[in-house]
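Please read these notes with the model open beside them. They are set out as separate points, each on one part of the fold.

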2 protein chains.
Amino acid sequence: MPAPIYLGVIGVGGVGNSFLSQLARLPNAPQLILLARSTQTLLSPTPSYTPAIPAADWKTASAEAQLTKSGALTPDEIAAYLSSAPGRSILVDNTSDPALASSYPTFLRRGISIVTPNKKGFSSDLSLWKEIFAAAAEGNALVYHESTVGAGLPVISTLRDLVATGDEVTRIEGVFSGTLSFLFNTFAPVGAASSAKWSEVVAQAKELGYTEPDPRDDLNGMDVARKLTILARIAGLEVQSPDSFPIESLIPKELADVPSTAEGIAEFMRRLPEFDGQMTAIKEGAEKEGKVVRFVGSVDVGAKKVRVGLEKFDKDSAIAGLKGSDNIISFYTKRYGANPLIVQGAGAGGDVTAMGVSADLIKVIQRLQ
Amino acid sequence: MPAPIYLGVIGVGGVGNSFLSQLARLPNAPQLILLARSTQTLLSPTPSYTPAIPAADWKTASAEAQLTKSGALTPDEIAAYLSSAPGRSILVDNTSDPALASSYPTFLRRGISIVTPNKKGFSSDLSLWKEIFAAAAEGNALVYHESTVGAGLPVISTLRDLVATGDEVTRIEGVFSGTLSFLFNTFAPVGAASSAKWSEVVAQAKELGYTEPDPRDDLNGMDVARKLTILARIAGLEVQSPDSFPIESLIPKELADVPSTAEGIAEFMRRLPEFDGQMTAIKEGAEKEGKVVRFVGSVDVGAKKVRVGLEKFDKDSAIAGLKGSDNIISFYTKRYGANPLIVQGAGAGGDVTAMGVSADLIKVIQRLQ
């Protein structure tokens, strides 16, 4: 019998809920002893750390009478609780909270492993990245974050395998945002001509729930920049922060300062059509060369350059042929030669993001046992 | 300090040599205590199991004076030697030997983990597959075989993650042979018209070393059938053997019984042009529909059907657009919906196959420590 492993989970949004339902069906799942959302925390009572919390959803879990209930706990309090459990413990962070991410070293130093789709810890200041991995080594704890890039697609694990086995990664390139993939696949599709205006496509994506509540959080390229920061660092580049390289924002300058309130967002959407001409010109410029425009990120490892922005691609290229809101990531390496190793598929969505988290959790459990 | 881990390696061919050079540069590599090729074995002397064998190449290793030298050992003898080492041990099988593969249960029951690109253990009779995984559970040992499908591409690991996290894999489809990929990408390319005859393309591939010494070992589809057998089994189908489903052989019936000697192979190559008309007809039939022909394998999980053979694809499909000798593998699942998760890139070659082996070895070490 392997020793029991204890699990704390923070976040019950889209990814968090999908994760809980996957966790409930995992064979040999660890014992869920902490489940938190923004202002509420459920805990298995100390000192026995039993009963475990049913891994279904927040409602079912919070109806369990024998659990301790509390308001929000600080990261220090959560770390103290998990590290006193009678076995190894794992924290799954299903939030996008930068404050929690900046506390990962506290957890790791105490031997609590981290599994998360939260990009913040790995894509903020380089000092935090270094502190996280130093703390993991110090606490003999593990850090898995597959879903920080491309959701459940095998991106981080593939890159880590390439690096660990001594391959030389020369270039990473791809479409890293499901939202921007959808916008450009719809605005400038390869097969059929599209007369859709840029603002109409953005409005459609917003209605379908493909964008953040404020679409500018997609259009500013920061989400892509954070993903590129993570990949560049794994490939060995010391990227200081996600704004230490060129990012081409798709937000018209004139609309950048409109506040991100409900009224501000409405104003942004109302005024966006004024700028359709700019995007149409870019699209038609590409068409004249027989190409299509796409929003991509790239890491040139040799030249130590990271770039996020618009680029033109041949119509028969893999990037141009992307469908729906799919991501595509190409790894060019010394061993793979001229043709890259390519991973492609849905790079956003609760279920596939949670799948990356669940798969990481399984690997961490296997290593801790 | 983690406990030392001991390593035996069998096979010093193309993959074996690439693996040894990758092993030599791995940080925290396990101690190599057995290195074998067909008729010779090098061993660290018992009972100390020191010194370790230098992980460079056969010549360097066999020049090391302090090692024990022997002829070929039986699998039982190797298992006895490795299981008596003062720590956990791992066997890396870099051969394609079916006899060694059928002995995996012997190793696993004794607690020796297996890492291998050898397809034979996982694609022969279903009883061996079951015995391997039962023996691994019994011996608390691990089995990793990423490079049995698509070489170093993340195929097996991705499929296992999908299954382990509860996704429902509905269909797997792709080009699984680097050789057949090259043959059809050259014979029926998408962009430019090609007037090359089938027999010329086969001869060219043979000269480039892309085919087995006897090209019929590629053209019979058995290598693809073995890979499909492995994937189908991981997806949950009880495939009895790699010949228990339809395999379309590209060997003309009239040439199937020509012996596989040097003279026989020469005769096969000399007579292959007689059958060019058949392949041209197939190619032109596809072209009339605006398609190209490719040699693919597929697993339909719901219908429990595995199929290997020629199929026609739209010219703008990912399979049609494949380049060089690349593989492409598409996983259709419930979570990923209409657009599959796709992995693409070189699926053959010593370095990339060895990379899959090295990456597996790292994972096994991480789990044993």
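1. Leaving out residues up to four places away in sequence, B:I247 touches B:N220, B:G221, B:M222, B:A225, B:P242 and B:V308, where contact means heavy atoms within 4.5 Å. B:I247 sits in the loop between helix 12 (222-234) and helix 13 (262-271) of chain B, and its relative accessibility of 25% makes it partly exposed; buried stands for under 20% relative accessible area, exposed for over 50%, and partly exposed for values in between (1.4 Å probe, protein chains only). Between B:I247 and B:L310 there are 9.6 Å from C-alpha to C-alpha, although the two are 63 residues apart in sequence.

2. On the basis of these notes: this is a predicted model, in which local features need pLDDT of at least 70 and side-chain atom pairs count only at pLDDT 80 or more, while totals for chains, interfaces and linings use all residues. Residues are numbered from 1 along each chain as its sequence is written, chains are lettered from A and ligands numbered from 1 in the order in which they are written, and side-chain values use heavy atoms, with hydrogens and water left out.

3. B:D218, which lies in helix 11 (residues 216-219) of chain B, deserves a look, since B:D218 is buried yet has no salt bridge, the nearest side chain of opposite charge being that of B:K227 at 7.8 Å. A salt bridge here requires a side-chain nitrogen of Lys or Arg within 4 Å of a carboxyl oxygen of Asp or Glu, and in assigning charge Lys and Arg count as positive, Asp and Glu as negative, with His and the chain ends not counted. The side chain of B:D218 does make a polar contact of 3.4 Å with that of B:T179, a polar contact being a pair of N or O atoms within 3.5 Å (within protein, one must be able to donate a hydrogen and the other to accept it, and residues adjacent in sequence count only if both atoms are side-chain atoms).

4. In chain A, seven strands make an open sheet of mixed pairing, in the order 4-3-2-1-5-6-7, with strand 4 (68-70) and strand 7 (143-144) at the edges, each pairing on one side only. Helices (H or I, at least four residues) and strands (E, at least two) are DSSP runs numbered from the N terminus, and two strands pair if DSSP finds at least two bridges between them. Strand 1 (residues 5-10) and strand 5 (residues 88-93) of chain A run parallel over six bridges, and A:V9 has A:V92 as its bridge partner.

5. Strand 11 (residues 326-333) of chain A is largely enclosed by the rest of the structure, because seven of its eight residues are buried. Strand 11 of chain A pairs in the antiparallel sense over six bridges with strand 8 (residues 169-175), and likewise over six bridges with strand 12 (residues 341-346).

6. A cis peptide bond joins A:T46 and A:P47, with omega about 0°, and another joins B:T50 and B:P51, with omega about -5°. B:Y49, in the loop between strand 3 and helix 2 of chain B, has a positive phi near 55° and is buried at 4% relative accessible area. A:A151 is not a glycine but has a positive phi of about 50°, and its relative accessibility of 3% counts as buried.
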